[in-house]
Amino acid sequence: MPRYNPFDFEKLAAQVVRQRKHAFDLNADIPWQVPIDYTRFLLPLDSDAIAFPGAAPEQRLALSQLMGLIINSTIAEMESVIHVLRHDAWTKPLRAYPANPEMWELGDLFFEEENKHALVFNRYNRLFCEQAGLDPEQVDRLLPKAFGSWFLHAIRANARSGGTAFWWVVASVEEVSLELFRQIQKDKNGVEPLYLTVHKRHAEEEARHHNYAFLMLELLSQKNVGLAQRLRRKTDLLFAQVFSTGWVLSELHRIFEVKGMRSDHPFYETLAGCLPLFDKVPLSTLLQKLFVSAPYVGLVLNTKNHKKTHQLSQTLGMLSAPFPEPALNETLLNENAA
Amino acid sequence: MKTQLKQQQIRGLQTAWLQSGSSTQPILLLLHGYPDGPEIWDGLEAKFNEQFQVIRPYGRGTSHSAPSPDLRRYGTHAEVLDLFAILREVDPKQSRKVVVVGHDLGGILAWALAGQLENQLGGLVVFNSLSLQQAIVKLKNPRQLFRSWYVGLLQIPRMGQFVGTFLGRQLHHYAYTLGGLSTNLQPDRASISRNATHAANRYRALLREGIASSRAPAIRVKQPVLVVCGNRDPFVLPPTIDEVESQAVSPEIRILEAGHWPFLEQPASIHSLLVRFFAKLKLDAPNRSTPAVQTFLSTDCYR
């Protein structure tokens, strides 16, 4: 019996009911009218402030806020971009290898909820900018973009040729967002309250529907394909890892654009002041930090942090990138930082 | 509810069926596959014989239904005519709706019959099967061709009799095991060997008929259709949605964690699916026999 059974229609039907019943309302269930406390951290940081060791308290605050906005934007981009791939990665394979109607219903709900999450995160980012006196379009230049990226082109090409890389990416993103909330939750009294609420609502829905990517992977793994495609399918996870890692690293590079904005707002000036700290970190240490110990970034980049995805990939005998064993640093709020 | 064995001469051949349930209820017509007999439906019959009058015909050449020397009597046209005759015998006024259920070769027959019953059809349920046209198209897929190797073997004249007489029990036990049935779920061996001898002729007739009619336009069934497939079926690839939609206006497709006989492997799931499916059928009395059926009956060229 597979771990995620796409053929157990009764369980799937119960999940449809559960998701519909507990779905949150974008406008009514999040207190958008409460002002954002932009003196607070959005994300607790580790003692090295991700990759900026020795950052001063006000720099840690700015880095935490920027990282919070980047995380929001990353999730929002990933959750928006899936709609572009909906036909190639979902409708087409489900029509070619039919599934129970509940799989269709759950898929519809999944795409609907992901769209809502993207709207929620983008709305938070916009509110944050407005209330902190930042130009949202300017901040947007520092945030990751998936639309039009080679990452999207690669995943779409894979889906069009019958690959499952898309669902491996989705499975990883779902796990990351849940793990992320666990880390924020540890300092729930210290982080910005609306940020916490947004991630709480998001995590609750993710917890209910995160198995959908795994169900799709199980289903598609049972699809009868020729030998060549069967062999190629073994590389789908590796393909997803290579392109998603490349995309994340290239998008993180946008932080250097802050140099040109330093005179526009104290927020940018503080961030630009952090860049020399980053330059001091040797490349080997930086790589070790990004893939092993840096919270959030390591969580996204190193798929060994995605335990369920990793387990399923082993069960299905997928080829995977040889990431080092993760050891994420403890995260702390500013006042507790060493 | 008592089950009766009914027998009648239909177009010159002894034809038999099992009948149970009240003659005031809609008809549930259960069509078995190969190498089964109608007893394969015992579980479903017991569950639905109060809601329906259950009719379970013996396929041509199996057990109580006499074989024919004419291969065409094993094809869908001839078998559909036999089924019309049985339905006329059971419901002379044709005043009751018929829900057709077919498995394997019975599924091919069920699709063919459903296309001809018009508004007497209440609904169609197909287990691990395709329509004849779908099956012929599917044979172009190497994976389906590989799964259907025995169809090629049975095209050899007298191979069916040979298999039935000398290898029947072993081969059929192997087929059931391969199809996912544990020994305790497999049908009685005596009935298997009895059924096997002439039933192989159905494969020969169907292949010929399928090739001859592969370009014929498909009749799309307007009534609700439920297609159930086991994901581990070693004999039939599940149809794609496009394939089923070319034959039915609003099909529901179900894939279960099962092999070739999902109704034996997962009786509880199948029961709950059927209860839900039957609940949405409109089973009130149909109009009297339709022109299309009368036309079809008048072209009785297979006598």
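## Close-up views of helix packing, core and chain contact

**View 1. Helices α7 and α9 of chain A cross in a left-handed manner.** The residues in the contact of α7(A) with α9(A) comprise seven nonpolar, no polar and one charged. The model shown here, and in every view below, is predicted. Helix α7 of chain A covers residues 165-185, and helix α9 of chain A covers residues 211-221. Their axes come within 8 Å and cross at roughly 155 degrees. Angles over 145 degrees count as roughly antiparallel, and α7(A) and α9(A) are therefore roughly antiparallel to each other. On the side of α7(A), the residues that take part are A:W167, A:V170, A:A171 and A:E174. They meet A:A213, A:F214, A:M216 and A:L217 of α9(A).

**View 2. Helices α7 and α8 of chain A pack at an angle of about 135 degrees.** In general, two packed helices are described by the angle between their axes and the distance between the axes. Here the axes of α7(A) and α8(A), the latter formed by residues 193-209, lie 9 Å apart. The two helices are therefore oblique to each other. The crossing of α7(A) and α8(A) is left-handed. From α7(A), the contact draws on A:E174, A:S177, A:L178, A:F181 and A:I184. From α8(A), the residues are A:L196, A:H199, A:K200, A:H202, A:A203, A:E206 and A:A207. By class, the contact of α7(A) with α8(A) has six nonpolar, three polar and three charged residues.

**View 3. A:L63 belongs to the largest nonpolar core.** In soluble globular proteins, nonpolar side chains tend to be buried together. The largest nonpolar core in this model has 166 residues. The members that touch the most other members are A:L63, B:L29, B:V100 and B:A110. When neighbours within four places in sequence are left aside, A:L63 is in contact with A:L45, A:A49, A:I50, A:F52, A:A55 and A:C274.

**View 4. Chain A and chain B meet through residues from both chains.** Chain B gives 13 residues to the contact, and chain A gives eleven. On the side of chain B that touches chain A, α9 (241-245) and β8 (251-256) each supply at least two residues. The largest share of that side, five residues, comes from β8(B). By class, the side of chain B that touches chain A includes six nonpolar, two polar and five charged residues.

Note on methods:
Residues are numbered from 1 along each chain as its sequence is written. Chains are lettered from A and ligands numbered from 1 in the order in which they are written. This is a predicted model: local features need pLDDT of at least 70, side-chain atom pairs count only at pLDDT 80 or more; totals for chains, interfaces and linings use all residues. A nonpolar core is a set of buried Ala, Val, Leu, Ile, Met, Phe, Trp, Tyr and Cys residues joined through C-beta atoms within 7 Å. A residue is buried if 20 or more other C-beta atoms lie within 10 Å of its own, exposed if 12 or fewer, and partly exposed in between; C-beta atoms are placed from the backbone. Two residues are in contact if their C-beta atoms, placed from the backbone, lie within 7 Å. Axes are lines fitted to C-alpha atoms, for helices over the stretch in contact, and angles run from 0 to 180 degrees between N-to-C directions. Helices (H or I, at least four residues) and strands (E, at least two) are DSSP runs, numbered from the N terminus. Angles under 35 degrees count as roughly parallel, over 145 as roughly antiparallel, 65 to 115 as roughly perpendicular and the rest as oblique. A crossing is left-handed if the near helix is turned anticlockwise from the far one by less than a right angle, and right-handed if clockwise. Ala, Val, Leu, Ile, Met, Phe, Trp, Tyr, Cys and Pro count as nonpolar, Asp, Glu, Lys and Arg as charged, and the others, Gly among them, as polar.
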